Amino acid sequence: MPTSEPVIPASSRPAQDWRILVAVFWVTSMVEGLGVSQIFALLPTYLRQMGVPDSQRLAFVGIFSALIFVVGMPLVPLWGAWADKYSRKVVIVRSALVEAVVFAGVALAREPWQVALAMLLIGFQLGNTGVMLGGIRDVTPRPRMGTTIAIFGMSGAVGFAVGPALAGILIDGLGWSLPAVFALSSLFSIGTAFLVTFGSKEIRPEIVPTGRIVDLAFANLRGVLTDRATRRIFTIFGVSFVAIQMSRPYIPVLVEQIAGRGPGLASAIALVAGTAALVGALVSPLGGVIGDRVGFRPVLVSALAGAGVVVVLMPVMPSVGALALLAVVLGASTATISSMIFGLLATELPADRRSAALNLVYLPLYAAGIIGPAVGALVVSISGIQGLFLVAGGIFLVGAVTILSRHGPAKAPTEVTAADRPPTPVQF
């Protein structure tokens, strides 16, 4: 990894049980997913309660969803460089505290512009997932790497399942308002800040960079963009998440079209959004184990193809139950896509590129988070919601065909191939 000054190896690391670290980071990531999923799931209803006309609401959903990533994406390289040079732990705690402020801001919002302002602040909480992945990679035994990363990867999916499900119980079962649900997520985020502070130890990267933070951030970006293997992996991730971010904000709208706007809408959204994410979470570790044995590419192609077919079919489902069944497959497919990408980066890149790549692993997602909802808002205004899901499904399928058409990924001499890795045991 090029830097303005020579890099130095980490001289010592505190004793940190990798199982404890994974557990702490798992809970932290899960709570973040819980809060963000509630924003995605409840945003259409929240905007309707604020008086946004239906003719404008669909476009607002796409635009507001893109705002999450506008501010944060340029800052991600800086957070990664700062974490590697000074402290991963501080960067993760910073993220938890910022997300607490964001969820509180959404809870206090009474006008659409106030919701937009709060969602812009989400940008300042980004950059923690790659840092957590880097810490997990540096303490986990190599034979258990694929399964461990897949288990951590399921944390966000569990959060995306628990968030809408919990909201459905609180709103339809206990009579809570939407702001009260967002406020509770803010309290959960404060709890994860304390959990990381007192429940984990600082884990330094295998190679600690030296130099100015800005120089290190640009060097990391250059390394990712100029390295062929890393660039290919990031492109696959970005393309898949463009399709995900195009369609995800509009799944609650599909539910609303089927279930109506009466009592029980929150529970119906929870069934579809929550079931999909939960099943995806349960399947994700299995995807990691299979990927370690048969190779990441076949599993990745299957997941992309499955997601593409399901997204195309979603708008024509006649009932909430049928839509939930398709959402199950979509959740499993998207969780597996992420798991395969994380596995490729964690096992096939050498140490001098690995930490920087993991720190920036969600950069394609953040770019897709801007492009996907913005394109989705444009497509839905032109061709309606069925046209939107058709385009998103086509993007998934194009990604699968593109990967399948290659005879094999080009490997740098220093890369470690799947054949060189020992099998990953299923048990911890």
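Helices α1 and α11 lie oblique to each other; oblique is what remains once angles under 35 degrees (roughly parallel), over 145 (roughly antiparallel) and 65 to 115 (roughly perpendicular) are taken out. Their axes come within 8 Å and cross at roughly 60°. Axes here are lines fitted to C-alpha atoms over the stretch in contact, with angles from 0 to 180 degrees between N-to-C directions. Helix α1 covers residues 18-49, and α11 covers 251-259. Helices are DSSP runs of H or I, at least four residues, numbered from the N terminus.

A word on the source. This is a predicted model, where local features need pLDDT of at least 70 and side-chain atom pairs 80 or more, while totals for chains, interfaces and linings use all residues. Residues are numbered from 1 along each chain, and side-chain values use heavy atoms, without hydrogens or water.

Which residues of α1 and α11 meet? From α1, F40, A41, P44 and R48; from α11, P252, V253 and E256. Contact means heavy atoms within 4.5 Å. That set has 5 nonpolar, no polar and 2 charged residues. Asp, Glu, Lys and Arg count as charged; Ala, Val, Leu, Ile, Met, Phe, Trp, Tyr, Cys and Pro as nonpolar; the others, Gly among them, as polar.

Next, T129. T129 sits in helix α6, residues 128-139. Is T129 buried or exposed? Buried, because its relative accessibility is 7%; the cut-off is under 20%, with exposed over 50% and partly exposed in between, using a 1.4 Å probe on protein chains only. Leaving out residues up to four places away in sequence, T129 touches E32, F152 and Y362.

Conventions
Helix = DSSP H or I, 4+ residues; strand = E, 2+ residues; numbered from the N terminus.
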